[in-house]
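Please look through the model shown below before reading on. The text after it is meant to be read alongside the structure.

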Amino acid sequence: MFLFKNAWISITRNKGRNILIGAIILVIACACTVTLAINNTASDLINSYSNSYEKELTLTFNRKEMMGNFDIRGEEGREQAKERFENIASYTIDDVKSFADSKHIESYYTYSISLNGNSIEKAEIEVETPPGGFGGGRGGKGQMQNNSMDFSLTGYSSIESMSEFITGTYTMNEITEDAWDKAFNGNYVFINQELADYNKLKLNDIIKLEDTNENTYEFEIIGIFEDNAESENQMMSMFSNSANTIITNADAVVTIDTENENITGSVNPTFIIDDYKNTETIQEEFYKKGLDETYMVETNQEIAEAAVSSIKNIKSFAKTFLVITLLIGGVVLFILNMINIRERKYEIGVFRTIGISKLKLTIQFVSELLLVALFALVIGAGIGAAISKPVSNSLLESEIENSTNSQQEMENNFGRPNEMQGNKGNIPNFNKMQGKPTVQAYDSINAVVDMTVILELLVIGLSLVIVSSLASMISIQRFSPLTILKERS
Amino acid sequence: MKKEKRNEENILLSIKNASYRYSDAEKDEYALKDINYDFEAGKIYAIRGRSGSGKTTLLSLISGLERCTEGSVIFDGKDLKNINLDTYRNSQIGIVFQSYNLLPYMTASENIILSMDASGKKIKNKKQKALELMESVGLKENYANRKVLRLSGGEQQRIAIARSLSYNPKMIIADEPTGNLDKQTESEILDIFKRLAHEEGKCVIIVTHSQNVCDAVDEIYDLKKVK
């Protein structure tokens, strides 16, 4: 106990020395608090975004890989390429189910077929027919989607695979009470609000669709959704891309497809995976299960990460700054303590002469530093807590501004006038020029000092105290009291 | 040289064939060689010798600040090699230095209480005990809360003696305790040592050059430089 009393006396009677040490620790604590708060909050935001953003894996056709094997400049090469293309083993709904049987895959596919309206009309006031059709893989029967039909009947295998609803691209406007009980069992559908308005449809109405052979299929409307995505084809259609998409469950679609030879289904396997890290493992699994090697797996990782790139940059900056602060702070404290201990050599000699053991003396000296450090850490954490929010937001604002300026500069290089916003006329979509969106998921960090930050700060503070106490610990072990006192005499 | 008949039962400390060689010294270069001294309780001793004769080295062996390289130092029947020297210094002996060796940032009473704390002995009302000790070495109560650097040399030395007595040790070892003091103060300090030895039964060993000190002690050991 007397050691702590001595430590306290030493601190209060040697104010200059301890204020200097305290000030250095305070600056370190303040910087650490801000950087830890930024780092932790940024991690939380990234994780939160990552969790809200489904980790999707899709199968894409590796055209380059396949065509690389043929010389299409000659007739022979073209024939070989054609033959190879025709013999690609396409994947079926059963293959997809087999692929999905993996511990890394949480849910899997959508299955689409095209049907014409019987009791309803396609929502369409077209100026120009939109090009292209449904994306994704090849049809279950080895043929591409027929795009001339009115509606796309899209079946989801599970609620987890309804990524548009998870990400908020689609939101439900109206829904029957038992909709989710029925959604994956039988002929129940969700339709787009625009389609409902166009055909004056409401919940529980029965709609009829038909195939090319005029076989009709009845579905009950159990929900009406809205498409919140900004259409890339606004100039060509008054309606959203999903206006004529009717959503049901995969089993309903598969049943229709299986029973009717003349219907061409398109399986669009979108696998929801547990972690992007497992992408290669999953790809290997798929190949082992029979996926043709002209297909490859792709994830939405880049898009997901791009949306938090500014926050990641701030996080990385915070980490680097933290390491530099700790290194410099640690070295400065160590040197300062070495200088102090030279001044306190005589004191060590007196303590040792009157019989205070090396261990007790070490405890006393470390306690002194610890008390000063704790005091400085508390004040530093307080100041850090007060400034971490404005500092973090200012850093992020600056980072986003830099990113925006860089984008603006690129657009200027293409001669795009500043006042033109959006993709007007024939101006290409500059936002995708770099292959990723530039819109950031967050425009503020609001770094807060919570218990985690306090605990981390405490660990850092204790580590700094131990590192900087090494000088005194070594000196106490090394100095002979007699030599010290002789030098003094 | 004063030498009286030895009372074997009264011997508190014996130095037996003690030699000391510094770790960086040559093989045959000794600071002390074959020293044999006995010190009794209730007596005051002077260790005298020229510079380089090994007086301070001998003091460091007696006070447990160093261990002899050959021979032994026996205190109260126990070889210092076999006991904890920190405990020996903080409870069995008191050391007084020429340069006082007080902690400058502490007050007079705090320096005395520090030694009581270090001894680990249960001492009631340490502050009061410190005041009594100060009074016993001729310092008034109003000195208690003064920083030691504000005291004169003689006053600091009295505080150092009070500190060495604070846990009631059996032996006081003093290294040139009057070296920095005037004759009047030297005489007063010597009176304190004599009282401690003759009235309180302590063994007092003083390393000194001073003839006045030698005149005041019961026994003198002359140290010769090792050839």
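Predicted model: local features only at pLDDT ≥ 70, side-chain atom pairs only at ≥ 80, totals over all residues.

Residues are numbered from 1 along each chain as its sequence is written, and chains are lettered from A and ligands numbered from 1 in the order in which they are written.

Chain B contains seven helices and nine strands; helices (H or I, at least four residues) and strands (E, at least two) are DSSP runs, numbered from the N terminus. Of the 227 residues in chain B, 48% are buried, a residue being buried if 20 or more other C-beta atoms lie within 10 Å of its own, exposed if 12 or fewer, and partly exposed in between, with C-beta atoms placed from the backbone. Among the contacts in chain B with a separation of 6 or more, 73% are between residues 24 or more positions apart. Two residues are in contact if their C-beta atoms, placed from the backbone, lie within 7 Å.

Five strands of chain B form an open sheet with parallel pairing, in the order S6-S7-S8-S3-S9; two strands pair if DSSP finds at least two bridges between them. The edge strands, each pairing on one side only, are S6 (93–96) and S9 (219–223) of chain B. From one strand to the next the twist averages 15 degrees. Within this sheet, S3 (residues 44–49) of chain B runs parallel to S8 (residues 203–208) of chain B and is joined to S8(B) by five bridges. Tyr45(B) has Ile205(B) in S8(B) as its bridge partner. Helix H5 (residues 153–165) of chain B lies across S6 and S7 (171–175) of chain B and runs at about 170 degrees to S6(B). Axes are lines fitted to C-alpha atoms, for helices over the stretch in contact, and angles run from 0 to 180 degrees between N-to-C directions.

Two other helices of chain B pack against each other. The axes of H3(B) and H4 (residues 126–136) of chain B are 9 Å apart, at an angle of about 115 degrees. H3(B) is therefore roughly perpendicular to H4(B), the term covering angles of 65 to 115 degrees, with under 35 roughly parallel, over 145 roughly antiparallel and the rest oblique. Residues of H3(B) that meet H4(B) include Ile112(B), Ile113(B) and Met116(B), and those on the H4(B) side include Ala130(B), Leu131(B) and Met134(B). The residues of this contact are eight nonpolar, one polar and three charged; Ala, Val, Leu, Ile, Met, Phe, Trp, Tyr, Cys and Pro count as nonpolar, Asp, Glu, Lys and Arg as charged, and the others, Gly among them, as polar.

Between the chains, 20 residues of chain B are in contact with 18 residues of chain A. On the chain B side, H2 (85–92) and H3 (108–119) each supply at least two residues, and H3(B) gives the largest share, five residues. Arg89(B), Asn90(B) and Gln92(B) are the buried residues of H2(B), and their cover includes H13 (345–353) of chain A.

In chain A, all five residues of S5 (residues 188–192) are buried. Tyr188(A), Phe190(A) and Asn192(A) point one way from S5(A), and Val189(A) and Ile191(A) the other way. In a regular strand the side chains alternate between the two faces of the sheet. S5(A) pairs in the parallel sense with S7 (residues 216–227) of chain A over five bridges, and Tyr188(A) stands opposite Glu220(A) in S7(A).
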